[in-house]
Amino acid sequence: MKIKAANGFARILKSEGIPWVSCYPTNHVNNALGEEGVPILMMGEERFAVAVADAFSRVTSGKQIGVCTVMANLNAAGLQMAYGAIAQAWEDSSPLLVIAEGVGRGASRHTHYDMAEAFKSVTKWVGEVDRADLVPDYVRRAFTQLRSGRPGPVLLIIPRDLGEYEEDEHPYSPVKGWRSGPDPDDVKAALRVLLSATNPLLHVGEGVLYADATSELLRFAELAQLPVLTTLKAKGAFPENHALSVGVRGSLAEHFLKKSDVLFSVGSSLFPNRFSHAVPGAEKKAIVQCTVDTLDINRSYETRHAVIGDAKLTLQALIDELSAKGGVKKKAGLVDEIRAGKEAFLAKFRPWMESKETPINPYRVFGDLMKVLDPKKSFVTADSGNTRDQTSTVYEAHIPRGYLGWGNVSTLGFSLAGAIAAKLAYPDRQCVHVTGDAGVCYMMGNFEAVARYKIGITTIHINNGGYSGYGPGFWGAGHDPYTWQVSTHASACMATMAKAVGFYGEDVTQPSEVIPALRRAFDENAKGRPAFLEFICSHHPVHGGWIRPAVGAHYSRLFPPPHPALSPSGGEGSEQFPLPQ
Ligand SMILES: Cc1ncc(C[n+]2csc(CCOP(=O)(O)OP(=O)(O)O)c2C)c(N)n1
Ligand SMILES: [Mg+2]
């Protein structure tokens with residue numbers, strides 16, 4: 001049977017198990033998806049169509065692939081608007097499939113915008129389909145890229161005028177994806193370094209989640225008796241209530257990072273950015289880097305010990321090797337040290353989490369949120385700004401993707417996409433995202449779509465009438481004092497805006513009302529109605545820090561030294577006041 005190219009493509013997506021495609025019109029593939037019965041999620045704009053698909057790949061750690069379509073061809077406005085979202089997926093290595101409509105035969109002379117060229121630097125692969133019967137071949141190649149190796153976005157350009165192809169002559173079967181295992185000699189060498197350590201630290205990146213290796217991680221950490229630190233993107237890969245967890249950031253994490261003589265890293269690029277630690281005293285430590293991609297070897301630090309391969313296969317090999325040696329004796333002292341460090345860390349934050357002050361202290365909202373959520377059946381993510389910094393400091397994630405940390409770049413507004421995707425991936429979980437004043441503005445145009453599709457998520461808006469820490473306050477002058485203030489709640493009520501497009505909405509001004517309001521919101525969510533809770537909060541831009549290289553250290557050229565006024569704790573100290581982000 002002959003079939004139109006776009007319809008053949010839609011059927012192939014179905015056979016790949018793609019449950020829905022997020023989109024924004026126009027794209028001829030959208031009509032084919034409709035005709036073939038593939039559910040469509042039409043968001044309020046392209047950036048969000050991409051973000052929701054991206055977030056779906058992230059929250060499922062690539063077990064499902066997010067797919068989106070955007071407008072392109074001679075009017076590439078959609079694809080141009082999507083650029084930021086695709087670049088973000090690229091920076092975070094998220095396996096996302098973007099479909100753009102290609103320029104028809106002979107029409108490329110009418111445009112000076114070259115889609116493929118424009119996206120080569122932010123995609124793993126760009127495929128330009130130029131014949132109908134090649135649709136299966138191109139999609140096969142796309143899914144090979146999406147399911148193998150280091151994840152990353154793929155762009156497929158499918159013109160409208162490809163015509164038809166004979167479906168029976170060009171059948172398609174789903175692509176499984178391939179892994180590669182580590183060199184056994186490298187595994188042995190890595191273990192030798194680990195076992196020679198006095199103070200080893202297991203450093204865990206998101207690669208462990210994408211490799212579906214969280215149970216192997218747990219086994220290995222316990223077998224080797226290692227304190228475990230995760231990157232922001234890997235938050236939750238190791239249960240944060242485990243006796244060996246030192247979390248992501250703040251004094252406890254910093255203590256173990258500084259103290260370690262062997263940093264044993266699995267599934268991380270190890271490159272330090274604004275939202276991760278640098279390795280302090282890297283020159284004096286032994287770093288072992290287990291990663292899927294040689295791109296990250298000898299990148300930010302000189303690599304002397306590496307294990308290249310899939311994180312699950314690598315951890316299995318490490319477990320086998322270590323078990324053969326009988327494992328490592330239980331370290332009661334280590335567990336006590338972690339417990340005491342955690343207690344000291346919490347002693348600082350707990351009073352804020354229980355604060356009765358008004359405007360509400362943002363930590364009170366997060367403390368109460370933790371009281372009402374079942375950590376085994378919930379999903380939390382946060383936006384750029386203090387909501388990210390504060391939740392990632394105190395929120396305890398107990399299950400993989402119980403918290404979505406994201407952001408090599410950290411693009412305002414993405415948290416809503418995270419919550420939508422999580423609800424679609426895990427309908428039984430209570431899904432919550434926390435955002436600030438700037439974040440809300442970045443996602444606003446998409447609330448109508450969330451209500452239209454009856455996606456029962458809760459938006460927590462921490463309203464502090466500005467970009468907290470950018471302006472002056474108890475923390476000092478602020479780092480962007482001319483660009484921080486927005487309307488206060490008295491003149492701009494975002495909950496009213498959300499209500500107007502179908503959300504359940506409330507303003508919350510009293511600390512005692514935080515929990516009751518959350519419960520009401522969750523009840524509405526259970527009925528398929530999204531909820532928007534606007535908490536009138538104080539500016540409190542204090543959070544767990546990131547280690548920066550000491551000024552003058554070999555790697556400090558990665559970061560300019562912070563202005564002293566911006567960093568009362570000295571840049572490499574523990575809990576930090578705001579830095580430019
Ligand atoms: C697309 C984009 N542009 C700019 C920024 C820089 N940025 C980071 S946080 C922030 C302001 C956050 O303010 P708000 O949402 O009110 O959160 P708060 O820190 O006050 O809780 C800005 C402008 C960004 N992260 N993303
Ligand atoms: Mg704010």
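Is H14 mostly covered or mostly exposed, and how many of its 9 residues are buried?

1. Helix H14 is mostly covered, with 9 of its 9 residues buried. A residue is buried if 20 or more other C-beta atoms lie within 10 Å of its own, exposed if 12 or fewer, and partly exposed in between, the C-beta atoms being placed from the backbone. Among the buried residues of H14 are Asn386, Arg388, Asp389 and Val394. Their cover includes helix H12 (332-353), helix H13 (362-372), strand S15 (378-382), strand S17 (430-435), H16 and strand S18 (458-463). Helices (H or I, at least four residues) and strands (E, at least two) are DSSP runs, numbered from the N terminus.

2. On conventions: this is a predicted model, in which local features need pLDDT of at least 70 and side-chain atom pairs count only at pLDDT 80 or more, while totals for chains, interfaces and linings use all residues. Residues are numbered from 1 along each chain as its sequence is written, and chains are lettered from A and ligands numbered from 1 in the order in which they are written.

3. Ligand 1 is surrounded by 16 residues, the closest being Gly385, Gly436, Asp437, Ala438 and Ser468. Here a residue is near a molecule or strand if its C-beta atom, placed from the backbone, lies within 6 Å of it. H16 has the largest share, 3 residues. By class, the shell holds 4 nonpolar, 11 polar and 1 charged residues. Ala, Val, Leu, Ile, Met, Phe, Trp, Tyr, Cys and Pro count as nonpolar, Asp, Glu, Lys and Arg as charged, and the others, Gly among them, as polar.

4. The protein chain is assigned domain 1 (2-166), domain 2 (184-342) and domain 3 (348-536); such bounds come from an automatic or database domain assignment. The centres of domain 1 and domain 2, taken over C-alpha atoms, are 36 Å apart. In the contact between them, 6 residues of domain 1 meet 6 residues of domain 2. Two residues are in contact if their C-beta atoms, placed from the backbone, lie within 7 Å. The side of domain 1 that touches domain 2 has 1 nonpolar, 3 polar and 2 charged residues.

5. The largest nonpolar core has 113 residues, of which Phe9, Val52, Val70, Val98 and Ile420 touch the most other members. At least three residues come from each of domain 1 and domain 3. A second, separate core of 52 residues includes Val208, Phe220, Leu229 and Val266. A nonpolar core is a set of buried Ala, Val, Leu, Ile, Met, Phe, Trp, Tyr and Cys residues joined through C-beta atoms within 7 Å.

6. Ile420 is also one of the buried residues of H15. That helix is mostly covered, with 12 of its 12 residues buried. H15 (residues 414-425) reaches 17 Å from its first C-alpha to its last, close to the 16 Å expected at 1.5 Å a residue. The expected span is 1.5 Å times one less than the number of residues.

7. Some backbone details deserve a check. Most residues other than glycine have a negative phi, and most peptide bonds are trans. The bond from Pro25 to Thr26 is cis, with omega near 0 degrees. Thr358 and Pro359 are also joined by a cis peptide bond, with omega about -10 degrees. Ser61, not a glycine, has a positive phi of about 50 degrees. Ser61 counts as buried because it has 23 C-beta neighbours inside 10 Å.
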